[in-house]
There are 2 protein chains.
Amino acid sequence: MSVRERKERERANRHQLIVCTARELAESDGWDAVTTRRLAERIEYSQPVLYSHFRGKREILGAVALEGFAELTGALRAAAKGPAGRGTVAALARTYIGFATDNPALYDAMFSLDNGLPFAEESTPAPLQEAFGVLRDHLADYAHPDEPGLFVEAFWAALHGLVTLTRAGRLPAERLPDRLTLLVDRFVSR
Amino acid sequence: MSVRERKERERANRHQLIVCTARELAESDGWDAVTTRRLAERIEYSQPVLYSHFRGKREILGAVALEGFAELTGALRAAAKGPAGRGTVAALARTYIGFATDNPALYDAMFSLDNGLPFAEESTPAPLQEAFGVLRDHLADYAHPDEPGLFVEAFWAALHGLVTLTRAGRLPAERLPDRLTLLVDRFVSR
DNA sequence: TCGATTGTCTAGCGGTGCTAGGATTGCCGC
DNA sequence: GCGGCAATCCTAGCACCGCTAGACAATCGA
């Protein structure tokens, strides 16, 4: 039985190797450069091996995205340690933007590209729901009591808009912190 | 001389035909379906003809996007006829979201995909600057007088975030109008 | 030890953006 | 009217893409 276990362990390792390599490659050269051929070469296996782990390129993207959600949740949790209030909301927003700018390819896999993950459904993976939950817990105080979800969604959308427009070169990056402050003021005022 | 003029006219017509066909194809089947082969077949020319008009696929995207900016400007101008105030801002926001949902592929060409157009520079094409100008003119009243630009950019980013997250399936579409109202309230209050 | 199963690779399919080079067209000066 | 020439367009092909069928080797169980 030990042989079987070893094989499963090796297979799991290779699975993780694929995900890590895809992420590295995407972060250094962009997702366009993450082709099955290049990826296979990096992990030193042939392309078909990739398809014995994932249904296709999209599923690899989804696996990378899932990693991202776990990391984002951790980062947001760490930023939300302080007392409830405007300062914490600002810290959450800064953390979110920081995560996106530090891991652009990862962020794309999570929110911009088609990763096949279900959003806003009961089948939504746990790491994904948790990240949203952290935001909701610390923003609910400022929302209309009947609709905390709507408020968080709107705030999240605003952050996401800032991220995407900035990185696509639609907004100059220099004033990003100022836009962020302005946004937090608007959402947390009163 | 008339012959030369006719040729130039025909060439301009074909140029426009390419742009229109690309847009139609994208709107009906998505930008992934807009390949040089399909596009060439639709306009009943061979692929190399496309490259005598545009440097490549990206430049075709840019041409379509430019059309979009002109149309968006027109739509926003029409929506801004009324008196300054919350109602007009709400109308502008609704118009923006409506434009994006009615022309998803066009919107992608303008704001999500890589179209090669320069943003926020002196060389930014006029139709693009105008669209932003309409928003600025009607939002300036609510901004900090020193930084009207920042305010408009943040508002625009929030709208853009709503659009992209909704169409990517990250936010359920049903409550989009409610999120929009919430957003306008936050930006226009006080 | 031998058959069956599992795992991996080679080779190839139809598709992509893009381009070199030949063929054809139609204009112009004679 | 006609030959030379330039502009125009198309055929054919490059290297690459995601993905897969089928051959082959290695390993396992009887």
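B:Glu44 is exposed, with a relative accessible area of 72%, in this predicted model. B:Glu44 sits in the loop that joins helix 2 (36-43) to helix 3 (47-53) of chain B, and its phi is positive, about 60°, although B:Glu44 is not a glycine. Chain A has 9 helices and 0 strands.

**Glu44 in chain A**

- A:Glu44 has a positive phi of about 65° and is not a glycine.
- The residue is placed in the loop between helix 2 (36-43) and helix 3 (47-53) of chain A.
- A:Glu44 has a relative accessibility of 68%, and because the cut-off for exposed is over 50%, A:Glu44 counts as exposed.

**Chain A overall**

- Read from the N terminus, the elements of chain A run α-α-α-α-α-α-α-α-α.
- The C-alpha trace of chain A spans about 60 × 40 × 25 Å along its principal axes.
- Of the 190 residues in chain A, 48% are buried.
- Among contacts in chain A with a separation of 6 or more, 64% are between residues 24 or more positions apart.

**Helix 6 against helix 8 in chain A**

- Two packed helices are described by the angle between their axes and the distance between the axes.
- For helix 6 (residues 104-112) and helix 8 (residues 148-167) of chain A, the axes come within 12 Å and cross at roughly 130°.
- The angle falls in neither the roughly perpendicular range, 65 to 115 degrees, nor the roughly antiparallel range, over 145, and helix 6 and helix 8 of chain A are therefore oblique to each other.
- The crossing of helix 6 of chain A past helix 8 of chain A is left-handed.
- On the side of helix 6 of chain A, the contact is made by A:Pro104, A:Tyr107, A:Asp108, A:Phe111 and A:Ser112.
- On the side of helix 8 of chain A, the contact is made by A:Trp156, A:His160, A:Val163, A:Thr164 and A:Arg167.
- Sorted by class, this contact between helix 6 and helix 8 of chain A has 5 nonpolar, 3 polar and 2 charged residues.

**Aromatic pairs**

- A pair of aromatic rings is described by the distance of the centres and the angle of the planes.
- Over all chains, the count comes to 18 aromatic pairs.
- One of them joins A:Tyr107 and A:Phe111, whose ring centres are 4.8 Å apart with planes at 55°, so the pair is tilted.
- A:Tyr107 and A:Phe111 both belong to helix 6 of chain A and are 4 residues apart, about one turn of the helix.
- A:Tyr107 is buried at 0% relative accessibility, and A:Phe111 is buried with a relative accessible area of 4%.
- In chain B, B:Tyr96 and B:Phe111 form a tilted aromatic pair, with 6.3 Å centre to centre and 35° between the planes.
- B:Tyr96 lies in helix 5 (residues 86-102) of chain B and B:Phe111 in helix 6 (residues 104-112) of chain B, so this pair ties together parts that are 15 residues apart in sequence.
- Both B:Tyr96 and B:Phe111 are buried.
- One aromatic cluster is formed by A:Phe69, A:Tyr96, A:Tyr107, A:Phe111, A:Phe119, A:Phe132 and A:Trp156.
- A:Tyr107 and A:Phe111 of this cluster also take part in the contact of helix 6 with helix 8 of chain A, as does A:Trp156.

**A:Arg179**

- A:Arg179 is part of helix 9 (residues 176-188) of chain A.
- With 0% relative accessibility, A:Arg179 counts as buried.
- Neighbours within four places in sequence aside, A:Arg179 is in contact with A:Leu162, A:Leu171 and A:Pro172, and also with B:Leu150, B:Glu153 and B:Ala154.

**A:Ala91**

- A:Ala91 is in helix 5 (residues 86-102) of chain A.
- The relative accessibility of A:Ala91 is 17%, and because buried means under 20%, A:Ala91 counts as buried.
- A:Ala91 and A:Ala78 are 13 residues apart in sequence, and their C-alpha atoms are 9.8 Å apart.

**B:Pro148**

- B:Pro148 belongs to helix 8 (residues 148-167) of chain B.
- At 26% relative accessibility, B:Pro148 counts as partly exposed.
- B:Pro148 and B:Asp137 are 11 residues apart along the chain, with their C-alpha atoms separated by 9.2 Å.

Definitions and conventions. Residues numbered from 1 in each chain as written. Chains lettered and ligands numbered in written order. Predicted model: local features only at pLDDT ≥ 70, side-chain atom pairs only at ≥ 80, totals over all residues. Heavy atoms only, no water. Axes fitted to C-alpha atoms, helices over the stretch in contact; angles between N-to-C directions. Helix = DSSP H or I, 4+ residues; strand = E, 2+ residues; numbered from the N terminus. Parallel < 35°, antiparallel > 145°, perpendicular 65-115°, else oblique. Left-handed = near helix turned anticlockwise from the far one by under 90°. Contact = heavy atoms within 4.5 Å. Nonpolar A, V, L, I, M, F, W, Y, C, P; charged D, E, K, R; others polar. Phe/Tyr/Trp six-rings, centres within 6.5 Å; stacked < 30°, edge-to-face > 60°. Buried < 20%, exposed > 50% of the residue type's maximum accessible area, 1.4 Å probe, protein only.
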